[in-house]
Amino acid sequence: MEEALAKVGLAHLVQKFKDEKVDANVITSASHEDLKHLGVKKLGDRVKLKELCKNTTMSRIRQERRDLFAPYPSATTRNKKQQKDKKAPKKRTWSAQFFCLADKFSTSIPCPTERVTLLNAGLGLKRIKLDIEQHDETIIYQAIMSEEKDNDGQTIGFPALKAAGGFQPMKVEPNSKTLVNLNCPLNVRSLKLCIGQGKIFLRPIQKSLSVIPLKNDEKVSILKEKCFECGQEFSLQDLTFHVESCGKDMDTDEELPPFYREVGSEDDNRNRNDEDKENENNENENNENENNENENNGNETEENQNHESTVGNRNDSAFNITVEYVGQDDIISQEHDDFKKIQEDFDIIESVNKILNHGFANNNNSPVELLRVMQEHLVLGRSLEVRDVSVAEEGPVNFIMVDRANLLVTGFDEISQLDFKFMCLRVQFYCERAEDSGGPRKDFFNQMVREIKEEFFDKEALPINKYYNAGTVMGLSMLQNGPFPRFLKEDEIKEIFTKEKPELKYLHIRQAFKDLGILQVFQHFPMMLHLLRPSPQYNLTFRKVVELLQPLWEEEGSNAKMRQKKLYAIFLKYLRLVHGGKRSVVLADILRFTTGSEEEPLLGYGIHPTLKILPVLSSFLPTSNTCINQLQLYTETMTIPLLKENELFSKFDVSFLHREFGLA
């Protein structure tokens with residue numbers, strides 16, 4: 001305070017300020033009247049004094065704050081500290097899914113039972129981290145076969161592959177279980193481009209791998225359970241073996257699914273269940289002696305050959321054990337029993353009456369809706385269309401094999417030999433690789449109906465007995481989502497459905513329709529005849545094809561979507577040329593290539609048609625999956641540029657004019 005008063009020239013007031021106990025804090029809050037009372041008469045002195053005291057107070061506060069808190073470092077100090085704390089950048093890695101196979105002849109993904117066997121042998125699925133910046137194929141090759149272990153003690157790679165003489169990277173074909181070679185360099189960039197987040201299957205090249213289970217060093221579970229038969233307690237691991245050797249068999253009404261189990265061991269021979277023993281005792285002595293003799297000689301009977309094999313059906317199988325597929329005959333027998341039961345329970349008159357009653361009760365004026373009811377009652381067994389790609393369609397079917405080059409003859413022969421024609425048809429073409437889940441069947445009906453038109457209606461009359469077969473095929477096509485015979489003229493429709501005394505050839509077609517239940521429904525509901533007449537709604541246009549083929553796009557803003565859009569624009573240009581008749585292809589060829597049929601089914605598709613644009617691997621030829629109605633086009637990648645438009649259009653023509661499955 002003395003210093004402040006001296007600076008203002010009021011040193012003579014120091015004693016009075018002390019007597020009044022006035023300090024800098026009091027001065028900052030005192031009024032001018034208070035200062036006058038203390039002897040500071042002039043206004044300028046009062047202002048200067050208050051300002052000096054205020055600065056003194058603020059300086060003291062700042063000092064106290066510095067004393068309480070650590071001093072904030074300077075910019076230079078902060079930069080040095082940041083540089084010191086700055087860590088080296090982490091390496092970018094990519095966790096790839098590798099699935100190591102055992103059999104060098106594997107052509108499809110393993111079933112669940114085989115996956116467990118592979119996992120126990122140290123093979124199967126593993127995630128291996130790879131350096132994204134690593135382009136040396138040798139280092140990645142060694143990483144896949146690494147013997148290093150992770151924190152849990154599990155081997156990171158597949159060291160067993162070192163004895164395989166090399167391995168072939170493979171991938172799964174879209175919408176199938178078939179494995180194909182992955183023809184790309186073994187570096188992270190190429191693998192990510194070709195496989196994305198999918199699995200990379202590793203198949204041995206020269207030598208199959210052993211699937212003998214590895215030793216498990218983990219402790220045995222302490223959990224225990226009592227045996228239902230003897231009442232003794234066992235650990236869960238020991239209980240499994242005890243149940244098999246316990247003096248009494250455990251009764252169960254559960255139907256066990258088919259599975260693989262090892263046979264031929266001493267334990268297996270000693271622990272056969274009572275049912276197997278009873279079956280053996282029921283065999284006659286000659287068969288028993290013959291089987292024993294064959295076993296001693298190392299030969300198998302025909303029955304054993306049907307039931308015993310090696311996994312993969314290879315003599316040098318990777319599994320190196322003899323296995324028995326338990327339940328395969330049961331599955332075939334079950335399908336046969338289901339077929340017979342459906343056939344025995346089916347009554348054509350009762351089914352037709354249900355359809356008619358439904359139509360009358362609902363005053364059904366919609367031919368399409370009534371067709372749906374007909375399909376529900378007159379097409380039995382497996383579902384006609386795939387509606388969920390994750391669910392395998394199962395059920396009894398009528399299986400036929402036909403020759404595409406001689407389709408009319410082989411098709412009639414196969415159809416005429418079917419005793420029960422109301423089952424879903426499953427078609428296999430000679431020398432063609434396709435699993436029929438709806439596509440090959442639609443393709444079969446599409447071509448059969450076209451050839452029937454050309455041979456039976458566009459030309460001179462054929463032998464009368466052939467018209468019944470033609471009517472059967474046309475009727476099955478109508479019921480099983482195939483094309484309708486809209487080539488029939490109005491007088492021919494009347495001959496088949498309404499005329500009292502039709503010509504003999506039309507009478508045979510009428511009889512075929514009657515045997516399938518179609519004639520009765522069409523005669524009671526004449527509106528159904530409209531389905532047989534041509535209509536503009538069935539004509540394919542550029543707009544309709546574009547609306548049918550819905551593109552499946554990648555994420556918005558991604559490079560992949562930009563490349564997809566580029567190819568899609570070219571494809572739309574191609575469609576306009578096709579619609580304008582400037583290519584050898586017609587729009588119906590594109591729809592047939594995609595779905596198996598040249599027109600949209602009246603009851604619609606189980607799965608709506610889609611257009612999938614994928615990165616090209618080797619060829620720009622379009623492919624398709626007719627069972628799920630998907631057209632697959634291929635666009636450029638970072639390493640493979642896009643072809644010129646004319647070259648792409650030529651590729652499109654080749655594929656869309658191609659008729660066979662899997663032979664392009």
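These are my notebook entries on a predicted model.

**Ground rules.** I number residues from 1 along each chain as its sequence is written. In this predicted model, local features need pLDDT of at least 70, side-chain atom pairs count only at pLDDT 80 or more, totals for chains, interfaces and linings use all residues, and side-chain values use heavy atoms, with hydrogens and water left out.

**Two helices.** I looked up H25 (residues 559–579) and H27 (residues 645–656), whose axes come within 11 Å and cross at roughly 65°. Axes here are lines fitted to C-alpha atoms over the stretch in contact, with angles from 0 to 180 degrees between N-to-C directions. Helices are DSSP runs (H or I, at least four residues), numbered from the N terminus. Residues making this contact (heavy atoms within 4.5 Å) include Phe 571 and Tyr 574 of H25 and Phe 649 and Phe 652 of H27. By class, I find nine nonpolar, no polar and three charged residues there; Ala, Val, Leu, Ile, Met, Phe, Trp, Tyr, Cys and Pro count as nonpolar, Asp, Glu, Lys and Arg as charged, and the others, Gly among them, as polar.

**Phe 457.** Next I checked the largest nonpolar core, which has 65 residues, and Phe 457 is among those touching the most other members. Such a core is a set of buried Ala, Val, Leu, Ile, Met, Phe, Trp, Tyr and Cys residues joined through side-chain atoms within 4.5 Å. Not counting residues up to four places away in sequence, Phe 457 touches Ile 452 and Met 474, among others.

**Ser 366.** I found Ser 366 in the loop between helix H16 (348–361) and helix H17 (367–378). Ser 366 is partly exposed, at 30% relative accessible area (buried is under 20%, exposed over 50%, partly exposed in between; 1.4 Å probe, protein chains only). Met 527 is 161 residues away in sequence, yet its C-alpha is 8.0 Å from that of Ser 366.
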